[in-house]
Amino acid sequence: MLATTMPPLTWNFMKLSKLILLAFAAVAAGFTACDNSSQIGMSIAQDDVSVVIDSAFTMTGKSVEIGSVQSRTVSQLLGRIDAPGFGRLSSTIVCQFMPSSQMDTLLTSEADIDSLVLYFYTAAGEYVGDSIAPMGLNIYRLTKNLPSPIYSNFDPEGYYDKSAPMASKIYNISNNTIKNAGDTTYTEGVEIAVQMPLEFGQELYNAYKANPSNFSSPTAFVDNVFKGIYVENSFGSGRLIRTSTTLMTLYYHYEEDDSVYSASGNYFAVTPEIVTNNDIEFEMSDELKARAEAGEQLVVAPIGYEVQARFPAPEIIASYKSSQAALKVLNTLSFFLPATGITNDYNFSPPTYLLLVLTKDKDSFFANNKLPDSTTSFYATYSSTSGGYSFGDMRAYLLDLLDKDEITEEDYTFSIIPVSATFETSSSSSSYYYYYYYGTTASQTLSLLTPYVSAPCMAQLFLDQAKIKLTYSTQTVE
């Protein structure tokens, strides 16, 4: 049980007077901290109203190593890098495909399959390392269903036949640049095209003609037609690329009215509804390990470090209860966390988003697709201008603690985790998703937070310099 500095009768009176205090807060908000001006006081409450601000709070914490995270993004990492000051990171891919339920002319016409091409698309600049270094990839057909949920340390061994690759590709990204000059909204990007076996394209076409219902859902498609692919790095290093779109395009021709028509369709794509995963291996640099062991608070992703922190809730509650005023109301509790990037050869930046969540709730937060509720979980965006992360108003969190008869350490032990944010925006006719990993706009609504597995990032947090400010209003009843 936490000790209280207020007399029990006064504390009970305060709890019974919340409705009165809400109205009082609106009046008190117009006063400066501890302002006893007779001019203002006489007009409102005869010098008995004040706003108290306390920011003398200290936060502590430590770096905690992350062994694996649940990969819940359609962005795919492929490649291998050795980045001084960061470490050795490699990523391969396993994924299923969402089928198209209708294949246009294939629905009514007999077609001849010409080719099937697997495309990896990425926006310009969405890579780290050497753009011209030749690297190789192999693509294998999965032989059994992927598990769900799936994690970044997933081992694909046993899910494919290593002796039978479906396709191979030698690639760099400097000679794969694409741009649609006729569309001014299109951003220059990179396309990696992998020619898949013609007989596989024919197999998919035959499966659709035989039973279109198997293409009506991803589950039916995976169970009865095609379980997905495993993409590995076959050779080379020095580059890690992040793809935003992965799809297979079927090219074919058909005859109609004594004419031959060529056509194509993007009938198979990686979407949020199916299972996809970045299988990540990371050997952290000795420099980062030494800094964490020395007590620095580091966040490193896609896997590496999160920070476990003690939020000074007991001290904040004691400060709030120390006032002997008969009436008081909590105005705000703000939290700003200073942070800086860590110097490295690849210019890895701080995470764009951090999640602040009670450690006891961390696993269920991600497992249940929760959003920050501003009571037990919060998120913040990195600001290079202010040099840190502002987690907004934590007033609801403190009110929740004040309503408890007793609080324990798990009520103020938080995990600070790099996350990716998905935002939803609505048009006049439909809703659609935008995936942002390096920024967003204020007009969009947060719809999902997931562990960050999209690209390397790292930052040092300064918990001892955190700015935690408690503001509350008091009134003396005469």
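**Exercise 1.** Which residues does asparagine 277 touch, not counting residues up to four places away in sequence?

*Solution.* Before we start: this is a predicted model, where local features need pLDDT of at least 70, side-chain atom pairs count only at pLDDT 80 or more, and totals for chains, interfaces and linings use all residues. Residues are numbered from 1 along each chain as its sequence is written, and side-chain values use heavy atoms, with hydrogens and water left out.

- Step 1: look for contacts (heavy atoms within 4.5 Å). Asparagine 277 touches Ser71, Thr92, Ile93, Val94, Ile150, Tyr151, Ser152 and Phe154.
- Step 2: the side chain of asparagine 277 reaches the backbone oxygen of tyrosine 151 at 3.0 Å.

**Exercise 2.** Work out how helix 7 and helix 9 are arranged.

*Solution.* 

- Step 1: helix 7 (residues 313-321) and helix 9 (residues 395-402) pack at about 75°, their axes 11 Å apart.
- Step 2: the two helices are therefore roughly perpendicular (65 to 115 degrees).
- Step 3: Ala313, Ile316, Ile317, Tyr320 and Lys321 of helix 7 meet Tyr397, Leu398, Leu401 and Leu402 of helix 9.
- Step 4: sort these contact residues, and you get eight nonpolar, no polar and one charged.

**Exercise 3.** Is leucine 399 buried or exposed, or in between?

*Solution.* 

- Step 1: locate leucine 399 in helix 9.
- Step 2: its relative accessibility is 27%, so leucine 399 counts as partly exposed (buried is under 20%, exposed over 50%, partly exposed in between, with a 1.4 Å probe and protein chains only).

Methods
Axes fitted to C-alpha atoms, helices over the stretch in contact; angles between N-to-C directions. Helix = DSSP H or I, 4+ residues; strand = E, 2+ residues; numbered from the N terminus. Parallel < 35°, antiparallel > 145°, perpendicular 65-115°, else oblique. Nonpolar A, V, L, I, M, F, W, Y, C, P; charged D, E, K, R; others polar. Polar contact = N/O pair within 3.5 Å; in protein donor to acceptor, adjacent residues only side chain to side chain.
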